[in-house]
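Here is a quick tour for anyone opening this one up for the first time. Take a look at the chains, then read on.

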Amino acid sequence: MKSAVITFPGSNCDRDLAVAIERVTGHAPIRLWHGEQSLPEGLDLIGVPGGFSYGDYLRSGAMAARSPVIGAVVEAAERGVAVLGICNGFQILTEAGLLPGALMRNAGIRFVCRTVGLTVENAESRFTSLYQAGETIRIPVAHHDGNYFADEATLDRIEGEGQVAFRYAEPVNGSARDIAGVLNAKGNVLGMMPHPERVVEAQHGNTDGARLFEGLARGVLERA
Amino acid sequence: MKARIHVTLKDGVLDPQGRAIHHALEGLGFGGVEDVRAGRLIELTLADSTSDEDIDAMCRKLLANMVIENYRVEKVA
């Protein structure tokens, strides 16, 4: 699987994501700076990592979503390349218009940093194919702006289309309908607030995040 | 020319920050505050030739997130 991980000024999970992808799939991602105008040829996956790009100025992810590289990411997403945005990456993808909705300040105002239960809602996507629908997995969150919002019509539409990938199994941040992860209509872009890259090795305490990367890699082999 | 861009949350969008400010005001003993909504003020200093359409485009493309926010442009001489 050929992948790339983008680093923005203020990203801080870029290395973790790159290491997780390499450990799970055996292939080290290409590391890209946000100023790139184009992407390497033949990518199967683009990782948009967590962190605090541009210090969360204006709105979380707002400035990064206007970076030069994002134009190329939008184009790649339209061609069907898998794009995974985690935490700040999810915020960037909604700001870039690749995913519906927006991520607002947590309902409880506080930064939330703990491992939470997630229910797998859609186990058919290329990101979630190694999970079981309805299964509860445990993945850490660490965010201040993870409160998912979309208008009722949009929420009904994405629920109806199977675009809700993960839902919180417990109260976390006030997200509409407990949504923790959202797919685009085509299913090749996933944004999620929890950090699967932080739970891929036994030493992390659990390995529930590994199946996401493994599933992506397996999908690439099957399609080849 | 200056333009003040007032960015506010749309009606129906919950505002946890506004709620926290509301609680803090009550904690200070101010009664009669019925609701608080927090927004953002962005002041732009612009060339006089800047068109209204350009200011509007700036708001829609970056300054406001149209999923959750409204904006109002106030031109100041």
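A word on burial before we start: a residue counts as buried if 20 or more other C-beta atoms lie within 10 Å of its own, as exposed if 12 or fewer do, and as partly exposed in between. Keep in mind that this is a predicted model.

- Chain A has an open sheet of nine strands, in the order E2-E1-E3-E4-E11-E10-E9-E6-E7, and its pairing is mixed.
- At the edges you'll find strand E2 (30–33) and strand E7 (136–143) of chain A, each of which pairs on one side only.
- Going from one strand to the next, the twist averages 25 degrees.
- Strand E1 (residues 3–7) of chain A runs parallel to E3(A), and three bridges join the two.
- To spot that pairing, look for Ala4(A), which stands opposite Ile46(A) in E3(A).
- Helix H1(A) packs on this sheet and touches E1, E2, E3 and E4 of chain A, with its direction at about 170 degrees to that of E1(A).

**A closer look at strand E9 of chain A**

- Why is strand E9 (residues 164–168) of chain A described as largely enclosed by the rest of the structure? Because four of its five residues are buried.
- On one pairing, strand E6 (residues 112–120) of chain A and E9(A) are antiparallel over three bridges.
- Within that pairing, Val120(A) has Phe166(A) of E9(A) as its bridge partner.
- E9(A) is also joined by three bridges to strand E10 (residues 179–183) of chain A, and these two run antiparallel.
- Here Arg167(A) stands opposite Ile179(A) in E10(A).

**Helix H5 of chain A**

- Helix H5 (residues 210–223) of chain A has 14 residues, which at 1.5 Å a residue should span 20 Å; the end C-alpha atoms are 20 Å apart, so the two agree.
- The buried residues in H5(A) are Ala210(A), Arg211(A), Leu212(A), Phe213(A) and Leu216(A).
- What do those buried residues pack against? Their partners are helix H1 (14–25), E3 and E4 of chain A.

**The core**

- In soluble globular proteins, nonpolar side chains tend to be buried together.
- The largest nonpolar core here has 73 residues, and the ones with the most contacts inside it are Ile46(A), Val83(A) and Leu93(A).
- Leaving aside neighbours within four places in sequence, Leu93(A) is in contact with residues including Val48(A), Val83(A), Leu98(A) and Val189(A).

**Single residues worth a click**

- Cys87(A) is in the loop between strand E4 (82–86) and helix H3 (88–95) of chain A.
- Is Cys87(A) buried or exposed? Cys87(A) counts as buried, because it has 31 C-beta neighbours inside 10 Å.
- Not counting residues up to four places away in sequence, Cys87(A) touches Cys13(A), Gly50(A), Ala142(A), His143(A), Met193(A) and His195(A).
- Cys87(A) and Ile70(A) are 17 residues apart in sequence, and their C-alpha atoms are 16 Å apart in space.
- Most residues other than glycine have a negative phi.
- Tyr54(A) has a positive phi, near 50 degrees, and is not a glycine. Tyr54(A) is in the loop between strand E3 (45–48) and helix H2 (68–78) of chain A, and counts as buried because it has 21 C-beta neighbours inside 10 Å.
- Asp56(A) isn't a glycine either, yet its phi is positive at about 60 degrees. Asp56(A) also sits in the loop between E3 and H2 of chain A, but with 18 C-beta neighbours inside 10 Å it counts as partly exposed.

- Chain B has an open sheet of three strands in the order E2-E1-E3, with antiparallel pairing.
- Strand E2 (40–45) and strand E3 (69–76) of chain B are at the edges with a single partner strand each, so one side of each has no neighbour in the sheet.
- The twist in this sheet averages 20 degrees from one strand to the next.
- Strand E1 (residues 2–9) of chain B pairs with E3(B) in the antiparallel sense over eight bridges, and Thr8(B) stands opposite Asn70(B) in E3(B).
- How many residues does the contact take from each chain? There are 13 residues from chain A and nine residues from chain B.
- On the side of chain A that touches chain B, seven residues are nonpolar, two are polar and four are charged.

Note on methods. Residues numbered from 1 in each chain as written. Chains lettered and ligands numbered in written order. Predicted model: local features only at pLDDT ≥ 70, side-chain atom pairs only at ≥ 80, totals over all residues. Contact = placed C-beta atoms within 7 Å. Nonpolar A, V, L, I, M, F, W, Y, C, P; charged D, E, K, R; others polar. Pairing = 2+ DSSP bridges. Axes fitted to C-alpha atoms, helices over the stretch in contact; angles between N-to-C directions. Expected span 1.5 Å × (residues − 1). Core = buried A, V, L, I, M, F, W, Y, C linked by C-beta atoms within 7 Å.
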